[in-house]
Amino acid sequence: MNDHIKYYAGIDIGSVSIKAVLISSQRIIASEIMASGGNYRDAAQKVLDGVLSKAGMNAEGLSGMVVTGLGAENAPFRARQVSDISCQARGCRCLFSSARTVIDIGGQFTKVARITAKGRVADFLMSEKCATGSGRFLQVIARILRVKLEEIGPLSLKSQSPVEFSTNCAVFAESETVSRIAEGARVEDILAGVHRAMASKVALLVKRVKMESDVVLTGGGGEDVGLVLAVSKVLGVKVLVPEQPRLSAAFGAACLAEEGI
Amino acid sequence: MPFAGIDIGSTMTKVVIVDRKETILASVIGPTGVEHRHLALKVMDEAIGQCGLTFEALDFIVATGYGRINVPFADKQITEITCHARGIRAIFPTVRIIIDIGGQDSKGIKLDTGGKVANFVMNDKCAAGTGRFLEVIAETLGVKLADMGKISLAAREYVKISNTCTVFAEHEVTSRLAEGATIPEIVAGLHESIAGRVVNMVRHLGIEKDVVVTGGGAKNIGLVKAMEGKIGFPVLVPPEPFLTGALGAALLGKGFFDRGMIRDHERRLESVTFFK
């Protein structure tokens, strides 16, 4: 480790997974993702230890750290807390200088923010009341279809005629899925139908924050090519996706630590 | 002169047969299957058998409920709003507000002083506030849906369930259990949550005495009590809440017949062959 180079960490304690990113001059040195499980404190410590050991350093070598996410208060180490939406905005802005709208589709919530050219949050909305717009909807349906989460995207691209759900409720869609399977609907058509339903729900949020291009899609949802395509279709714009969509908030947190703001 | 009403709901199919004097001759409740039509016939057959009639002896058959268009042997289809109103008015003539908590939707119906439907509100978009919410969470808790009312009465206080969405509430319930909340407290909290949603929806109609709660939700004493708490006065519950739609359908059929209306089409033969 070079003593003249400064390292910064960002930790994102989310409802489903905890992410850590180590950076230096906005460049990712190492990253780590782990399931949150039942104990945020222990898991957060493990994730931090993991990312540090990947970089061959210890906590003393860090010049700054920011924690964010739903479970930020549970962090077992002293670090500044910044809201996940600010971190997400910062991260997306660092990755894509043209980013003006950020859509974060997480395991439990979907958040949409319009950001300024400097990467500050101008407006922000969140859907926490209903599972339809979030990753949970996909998880519920994938469980019935016995499809792994990472298979959903590629599989849905094979769809010729997406199923039109008569409902926007994840619970009702679950039973509708069962009847559709009984009627002979194909798995890929059901998944593509779920993507459409989610995309239309997400689009409602995006419209309310007054979308500006470019649009970035992050969070676990960004790893699902079918969902990205559906969102891009509904919004009528190209959607940018980070290389590792689940890391962008942790990356943004690290960037904020580095900037010392 | 018998008249039949068949109510095909999302989870249950109900048949009521009445005579000229509006006395109930037979009533049957069965689960709604994937193929509504077969089940409609089966339940109807059972009801006919109960009062020793034949299918052809029925003077008028009215179908209602969300599966009403799938009944090939019905003489007329009428919405469940109208049928519930008619059925409940026969039991409680003073009714002004009907709250129907079904397996997959919930409704509020307002009647004018003459007993006519004046307005209604409905939620079929979201599982929260419907029987489905309780059904899903009963499974998570490992308790029977039919036991939830009694279970909740054992709670001295309730655990607040802050998530509206059924999917999220399911998780919340698991966390509350892990924190040491008891099942009765949680079930009472669920009843509070549904009651809050349904009563708030019905408030748009202007709540007036008497209020009747019907549908599967009315069989849940805990839910009924929670609703009374929100409404601020006691509500009435029919002796068999599942049957009010089918009863109304049968009575409306009698009304049509009395006004000289007869079957406008031949009852389809296929329905008869199914009775074998």
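Figure 1. An axis is a line fitted to C-alpha atoms, for a helix over the stretch in contact, and angles between N-to-C directions run from 0 to 180 degrees. The model shown here and in the other views is predicted.

**Figure 2. The open sheet of chain B.** Four strands make up this sheet, in the order β8-β7-β6-β9 (chain B). Their pairing is mixed. Which strands stand at the edges? They are β8 (117-123) and β9 of chain B. Each has a single partner strand, so one side of each lacks a neighbour in the sheet. Ignoring direction, neighbouring strands are turned by 15° against each other on average.

**Figure 3. The β6-β7 pair within that sheet.** Strands of a sheet pair through backbone hydrogen bonds, in either the parallel or the antiparallel sense. In chain B, β6 (residues 97-101) and β7 (residues 106-111) pair in the antiparallel sense. The pairing runs over 5 bridges. I97(B) has K110(B), in β7(B), as its bridge partner.

**Figure 4. Helix α8 of chain B and its cover.** The helix takes in residues 244-258 of chain B, 15 residues in total. At 1.5 Å a residue it should span 21 Å, and its end C-alpha atoms are 21 Å apart, so the two values agree. Is α8(B) largely enclosed or largely open? It is largely enclosed by the rest of the structure, because 11 of its 15 residues are buried. These are T244(B), G245(B), A246(B), L247(B), G248(B), A249(B), A250(B), L251(B), L252(B), G253(B) and K254(B). The elements covering the buried residues include β1 (3-8), β2 (12-18) and β4 (60-64) of chain B. Helix α2 and strand β9 of chain B are also among them. After α8(B) comes G260(B), with a positive phi near 90°.

**Figure 5. The two domains of chain B.** Domain 1 of chain B is made of two segments, 3-83 and 243-273. Domain 2 of chain B covers 94-237. Their centres, taken over C-alpha atoms, are separated by 28 Å. Domain 1 of chain B gives 7 residues to the contact, and domain 2 of chain B gives 8 residues. The side of domain 1 that touches domain 2 has 2 nonpolar and 5 polar residues. It has no charged residues.

**Figure 6. Where chain A meets chain B.** How many residues does each chain give to the contact? Chain A gives 13 residues and chain B gives 11 residues. On the chain A side, the elements that give two or more residues are α3 (135-145) and α5 (170-182). The most comes from α5(A), with 5 residues. By class, the chain A side has 8 nonpolar, 3 polar and 2 charged residues.

**Figure 7. G119(A) in its loop.** The residue is found between β7 (110-115) and β8 (121-127) of chain A. A residue with 20 or more other C-beta atoms within 10 Å is buried. G119(A) has 20, so it counts as buried. Leaving aside residues up to four places away in sequence, G119(A) touches A89(A), R90(A) and R93(A). S97(A) is 22 residues from G119(A) in sequence, with 8.5 Å between their C-alpha atoms.

**Figure 8. Cis peptide bonds in the two chains.** In chain A, a cis bond joins S213(A) and D214(A), with omega about 0°. D214(A) sits in the loop between α6 (187-208) and β9 (215-218) of chain A. In chain B, the bond from K209(B) to D210(B) is cis, with omega near -5°. D210(B) lies in the loop between α6 (183-203) and β9 (211-214) of chain B.

Figure 9. Q26(A) is not a glycine, yet its phi is positive, about 60°. Its place is in the loop between β2 (17-24) and β3 (27-35) of chain A. With 13 other C-beta atoms within 10 Å, Q26(A) is partly exposed. R146(A), also a residue other than glycine, has a positive phi near 55°. It falls in the loop between α3 and α4 (149-156) of chain A. Is R146(A) buried or exposed? R146(A) counts as exposed, because it has 8 C-beta neighbours inside 10 Å.

Key: Residues numbered from 1 in each chain as written. Chains lettered and ligands numbered in written order. Predicted model: local features only at pLDDT ≥ 70, side-chain atom pairs only at ≥ 80, totals over all residues. Buried ≥ 20, exposed ≤ 12 C-beta atoms within 10 Å, placed from the backbone. Contact = placed C-beta atoms within 7 Å. Nonpolar A, V, L, I, M, F, W, Y, C, P; charged D, E, K, R; others polar. Domains from an automatic or database assignment. Pairing = 2+ DSSP bridges. Expected span 1.5 Å × (residues − 1).
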